[in-house]
Amino acid sequence: MSQLQMDFNRQVDEYIEKINYGGCILTLNQNHDPPLVPLFQELRRRSQSDDELANRLREITWIAFVQYDFTEFPPDIDIRSVFPDFTECSFHDCSKLSSLKNITDIVTLEKLGCAKCPSIISLSSLASLPRASHLKELIINSCNLNPTHEDDWDDAFQAIGNATGSNDFTLSIISDDTMTFLPSSIRHLKEKLGNVRFELRMNSNLQRLPYEIGQLQNMVWLQIIRFPASTSLPWTIGRLPP
């Protein structure tokens with residue numbers, strides 16, 4: 001066995017020790033942990049003959065990826081073959097991440113978050129969201145969403161509205177100074193049969209909400225925190241149920 005392989009096996013052994021004491025949340029950091037693809041392959045291989053490890057991996061439902069330099073989640077990683085009960089995912093300080101495709105292709109994914117990922121400028125990758133997707137919560141925090149890419153938002157919200165795996169949907173946009181308005185394509189969320197929730201928090205340049213917000217008769221919660229006094233609220237907001 002080569003020194004490189006021995007070093008990798010040692011890293012995996014150390015990481016498994018961390019997994020054993022991490023609860024249901026697993027954090028992976030490119031600067032500190034083994035490379036993703038071989039790590040997942042090795043965890044899968046070991047879990048096939050180690051029932052204790054397999055049971056521990058099954059307990060993990062949320063995976064956080066920190067400081068990775070990929071532009072999208074690697075398509076050759078099958079998360080659910082290693083973590084079968086995985087339902088939540090978040091990306092933190094991934095400066096090159098620009099697409100959420102591949103991760104949103106996982107139909108059992110329920111909650112997705114991005115924080116301090118400046119290359120996330122649109123939600124266009126959600127246009128390919130599977131119809132059976134269970135995605136019910138999307139949190140974008142301190143990214144660079146550009147609402148002027150209207151077609152991107154239109155396709156994304158249409159895909160979210162048509163997804164049948166979950167009737168409810170919550171969108172949170174937090175501390176995004178490039179978010180000057182909420183696109184009119186939110187009208188597609190009227191297709192959701194359950195509850196729709198919006199949270200707009202600390203978006204210092206928010207100028208207006210769209211008239212189409214009045215079409216969301218299934219919206220049960222609209223929270224706007226620390227927004228400019230000049231933000232325009234459409235008269236159609238009065239159409240919403242009390």
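## Strand S6

Strand S6 (residues 169-174) of this predicted model is mostly covered, with six of its six residues buried, where buried means under 20% relative accessible area for a 1.4 Å probe and protein chains only. Phe169, Leu171 and Ile173 point one way from S6, while Thr170, Ser172 and Ile174 point the other way. Strands (E, at least two residues) and helices (H or I, at least four) are DSSP runs, numbered from the N terminus.

## Neighbours of S6

S6 pairs in the parallel sense with strand S5 (residues 137-141) over five bridges; two strands pair if DSSP finds at least two bridges between them. Ser172 in S6 is the bridge partner of Ile139. With strand S7 (residues 196-201), S6 pairs in the parallel sense over six bridges, and Leu200 in S7 is the bridge partner of Ile173.

## Contact of H2 with H3

The axes of helix H2 (residues 36-47) and helix H3 (residues 51-59) come within 8 Å and cross at roughly 125 degrees. Leu43, Arg46 and Ser47 in H2 meet Leu53, Ala54 and Leu57 in H3, contact meaning heavy atoms within 4.5 Å.

## Basis of the model

This is a predicted model in which local features need pLDDT of at least 70 and side-chain atom pairs count only at pLDDT 80 or more, whereas totals for chains, interfaces and linings use all residues. Residues are numbered from 1 along each chain as its sequence is written, and side-chain values use heavy atoms, with hydrogens and water left out.

How values were computed: Axes are lines fitted to C-alpha atoms, for helices over the stretch in contact, and angles run from 0 to 180 degrees between N-to-C directions. Buried means under 20% relative accessible area, exposed over 50%, partly exposed in between (1.4 Å probe, protein chains only).
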